[in-house]
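Thanks for coming, everyone. I will talk you through one model this morning. Please bring it up on the screen.

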Amino acid sequence: MRTFVIAAGFGQLALAAGSLAIPRVLGWREETARLRPLTRQVFWTYAAYIWCFNVSFGLVSTLVPHWLLDEVPLARAVAGFIAVYWAARVVVQFAWFDRQDMPAGAIYRAGEAALVALFVALVLVYGAVATGVRR
Amino acid sequence: MTPRLIPFFWLAGVVHLLIASANFVAWRMFDYRGELAKVSRTVRQVFVVQNVFIVVVLCAIAGLCFVHAADLAGATTLGRRVSTFLAAFWALRLVIHLAYYDRVKRGQHPVFDLLFVAAFVYLIAVFMLGAIA
């Protein structure tokens, strides 16, 4: 299980690195320039916080996986929270984001499939840790 | 661990829930709906998702404060580390609030502004105590 947790950590770090391109690809700077200052600041603050959470999950999993694999209830609770976090992300992908706005083309479809596969893998790994799988 | 700290973590859980609920108040107070009409559908959806995730995270931290208060108060090594992370989390949030958020808008809502600062300072103090307990 330690190997899976470390791999999940690298997956989240790669995701965080890749997501740095999202503001440029989706033109967030130009889009949010139309908002009032406070709304714009809330948007960027929340985006930064979510990115930091993803990086934190990745760093803990890659550098100190034993923290999550400790036989203490708090470790299971934290792993359970990470599992729920990514499960929510899967739900958002299919139930909330407007798929009509998705870019067309095989490369984008492959990218989305890879992204969803990563989210599901994260749910499975952290869900297993939360439910007590240690080996 | 310092058992006397435990009630302060329970109160920290309540503070997290209050901050989470403020996200709902903000939608009306700052007319997010009207604001988001100015941007593309994708950005609008991202903003809503951000809000939902922040609320979920705050509720999860509140849950930790209620259920694992003893750990966060220093009973376990992992608990002290989580407290350290949360102290840093709220310290950064306080800096953002004071240095980045629109001062004019904050000045229009002085009571809310003061309550937010007080909440952040309380959370930093409690989690720092847990981190060094």
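A word on elements before anything else: helices (H or I, at least four residues) and strands (E, at least two) are DSSP runs, numbered from the N terminus. With that in hand, look at chain B. From the N terminus on, its elements run α-α-α-α-α-α-α. That comes to 7 helices and 0 strands.

Some ground rules. This is a predicted model, where local features need pLDDT of at least 70, side-chain atom pairs count only at pLDDT 80 or more, and totals for chains, interfaces and linings use all residues. Residues are numbered from 1 along each chain as its sequence is written, while chains are lettered from A and ligands numbered from 1 in the order in which they are written.

Confidence next. The model scores ipTM 0.82 and pTM 0.86. For single residues we have pLDDT, the predictor's confidence in each residue, from 0 to 100. Chain B has a mean pLDDT of 91, with 99% of its residues at 70 or more. Which elements of chain B have the lowest and the highest mean pLDDT? Helix H6(B), residues 103-108, is the lowest at 81. Helix H7(B), residues 110-132, is the highest at 94. Chain A averages 89, and 96% of the residues score at least 70.

I call a residue buried if 20 or more other C-beta atoms lie within 10 Å of its own, exposed if 12 or fewer, and partly exposed in between, with C-beta atoms placed from the backbone. Of the 133 residues of chain B, 29% count as buried. For contacts, two residues qualify if their C-beta atoms, again placed from the backbone, lie within 7 Å. Take the contacts in chain B with a separation of 6 or more: residues 24 or more positions apart account for 81% of them.

Arg4(B) lies in the segment before H1 of chain B. Is Arg4(B) buried or exposed? Arg4(B) has 10 other C-beta atoms within 10 Å, so it is exposed. Arg4(B) and Leu36(B) are 32 residues apart in sequence, and their C-alpha atoms are 46 Å apart in space. Now Asp31(B). It sits in the loop between helix H1 (6-29) and helix H2 (32-36) of chain B. Asp31(B) is not a glycine, yet it has a positive phi of about 50 degrees. With 13 other C-beta atoms within 10 Å, Asp31(B) is partly exposed.

Over to chain A, and helix packing. Axes are lines fitted to C-alpha atoms, for helices over the stretch in contact, and angles run from 0 to 180 degrees between N-to-C directions. Angles under 35 degrees count as roughly parallel, over 145 as roughly antiparallel, 65 to 115 as roughly perpendicular and the rest as oblique. The axes of H1(A), residues 2-19, and H4(A) come within 7 Å and cross at roughly 150 degrees. H1(A) and H4(A) are therefore roughly antiparallel. Their crossing is left-handed, meaning the near helix is turned anticlockwise from the far one by less than a right angle; clockwise would be right-handed. Residues of H1(A) in this contact include Phe10(A) and Leu13(A), and those of H4(A) include Trp51(A) and Phe57(A). 

Still in chain A, Arg76(A) is found in helix H6. It has 18 C-beta neighbours inside 10 Å and counts as partly exposed. Leaving out residues up to four places away in sequence, Arg76(A) touches Ala130(A) and Gly132(A). Its C-alpha atom is separated by 9.5 Å from that of Ala128(A), 52 residues apart along the chain.

Last, the interface. Here 32 residues of chain A are in contact with 33 residues of chain B. On the chain A side, helices H3 (28-32), H4 (37-63) and H6 (73-95) each supply at least two residues. H4(A) gives the largest share, 11 residues.

H4(A) packs against helix H3(B), residues 41-67, at an angle of about 55 degrees, with the axes 10 Å apart. That makes H4(A) oblique to H3(B). This crossing is left-handed. Among the residues in contact are Phe43(A) and Tyr46(A) of H4(A), and Phe47(B) and Ile54(B) of H3(B).
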